[in-house]
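Please look over the sequence and the 3D structure shown here before reading on. The questions that follow take up a few residues, then the folding pattern and the space inside.

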Amino acid sequence: KTPQSYETKFVNPNGDVDWYFTHVSPIFSEEKVIGLTLITRNISKSKELEQKLIDQNNFIQKVTNSIPGMVGYWTNDLRNAFANSAYLEWFGKTSEQMKGIRIQDLLGEELFKINKSYIEGALSGQSQRFERMIKKPSGKLGYAWAQYIPDIVDGYVKGFLVLVTDVTELKLTEISLKETQKKMNEILESIPEGLVEINMKGEIV
């Protein structure tokens, strides 16, 4: 007694596929169903476009998943519209959990406040680049180099693309080298005057 809608797939003898959308509504007379109204239309072209869009999205997902870094897209109301596998792994989320999540909820209020100026800069149409230390869901600290690239269409900022590279190993190596250099300087300063460093060419450095 309620209207029903459904899609039907037909395979033609030549192998072509046609899709039809059908809507059925009951006809009442004195609260009794005395017939049905049936409306059918061919939706093959729209289904073809829909499949092309799905294939395109799957291709984009495969490409971005192969990138050794995080790729995400945030709308201008700060909700996630896309995240590659590296992005999901970093924040410990599934694609279902990430879809539509607010950036405040993902980053947490403290980290969101730290990144707020960069977010506002991107939404104003200016690309942002910065380094950030982030605490992962596992509790470990990581270092990331981030870029926020505004998505501008006809002068309107629809959102921004996020590209993040995990530079933890490089940063830890840099910190280790600085600590080693500091210790070396302390040792040299404690040695009596007269010690000099000579390179392979015999030059004093």
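Q: Is Y118 buried, partly exposed or exposed?
A: The model is a predicted one, and in it Y118 is found in helix α5, which covers residues 109–123. Since buried means under 20% relative accessible area and exposed means over 50%, the value of 24% places Y118 in the class between them, so the residue is partly exposed.

Q: How far apart in space are Y118 and R129, C-alpha to C-alpha?
A: Y118 belongs to helix α5, and R129 is 11 residues apart from Y118 in sequence. In space, the C-alpha to C-alpha distance for Y118 and R129 is 8.1 Å.

Q: What pattern of helices and strands does the protein follow along the sequence?
A: The protein has six helices and eight strands, and buried residues make up 26% of its 205 residues. Read along the sequence, these elements follow the pattern β-β-β-α-β-β-α-α-α-α-β-β-β-α.

Q: Which residues form a nonpolar patch on the surface together with F28?
A: F28 has its place in strand β2, residues 17–29, and its relative accessible area of 43% means that F28 is partly exposed. The patch that includes F28 has about 290 Å² of accessible area together, and the other residues in it are V33 and L36.

Q: Which residue meets R102 in a salt bridge?
A: Side chains of opposite charge can pair when their charged atoms come close. The count here comes to one salt bridge, and R102, which takes part in it, is partly exposed with a relative accessible area of 30%. The partner is likewise partly exposed, at 46% relative accessibility, and with an N to O distance of 3.1 Å, the side chain that meets R102 is that of D105.

Q: What volume does the largest cavity have?
A: Rolling a probe the size of a water molecule over the atoms shows where empty space is left. By this rule the count comes to one cavity of 30 Å³ or more. The volume of the largest cavity is about 150 Å³.

Q: Which residues that line the largest cavity are the closest to its centre?
A: The lining of the largest cavity has 15 nonpolar residues, one polar residue and one charged residue. Of the 17 residues that line this largest cavity, the closest to its centre are L107, N115, I134, Y148 and V164.

Q: Where does L78 lie?
A: L78 has a positive phi of about 65° although it is not a glycine. Its relative accessible area is 12%, and because this is under 20%, L78 is buried. As for its place in the chain, L78 lies in the loop between β4 and β5 (80–83).

Q: How far apart are the C-alpha atoms of N76 and V157?
A: N76 is found in the loop between β4 and β5, and at 31% relative accessibility N76 counts as partly exposed. Although N76 and V157 are 81 residues apart along the chain, their C-alpha atoms are separated by 7.0 Å.

How values were computed
Residues numbered from 1 in each chain as written. Predicted model: local features only at pLDDT ≥ 70, side-chain atom pairs only at ≥ 80, totals over all residues. Heavy atoms only, no water. 1 Å grid on protein atoms, 1.4 Å probe; cavity = no way out; pocket = protein on both sides within 12 Å on 5 of 7 lines; lining within 4 Å. Points joined across faces, edges and corners; volume = space filled by probe spheres on them. Nonpolar A, V, L, I, M, F, W, Y, C, P; charged D, E, K, R; others polar. Patch = residues over 30% accessible without salt bridge, like charges linked within 9 Å, V, L, I, M, F, W, Y side chains within 5 Å. Areas by Shrake-Rupley, 256 points an atom, 1.4 Å probe, with all protein chains shown as cover. Salt bridge = Lys/Arg side-chain N within 4 Å of Asp/Glu carboxyl O. Helix = DSSP H or I, 4+ residues; strand = E, 2+ residues; numbered from the N terminus. Buried < 20%, exposed > 50% of the residue type's maximum accessible area, 1.4 Å probe, protein only.
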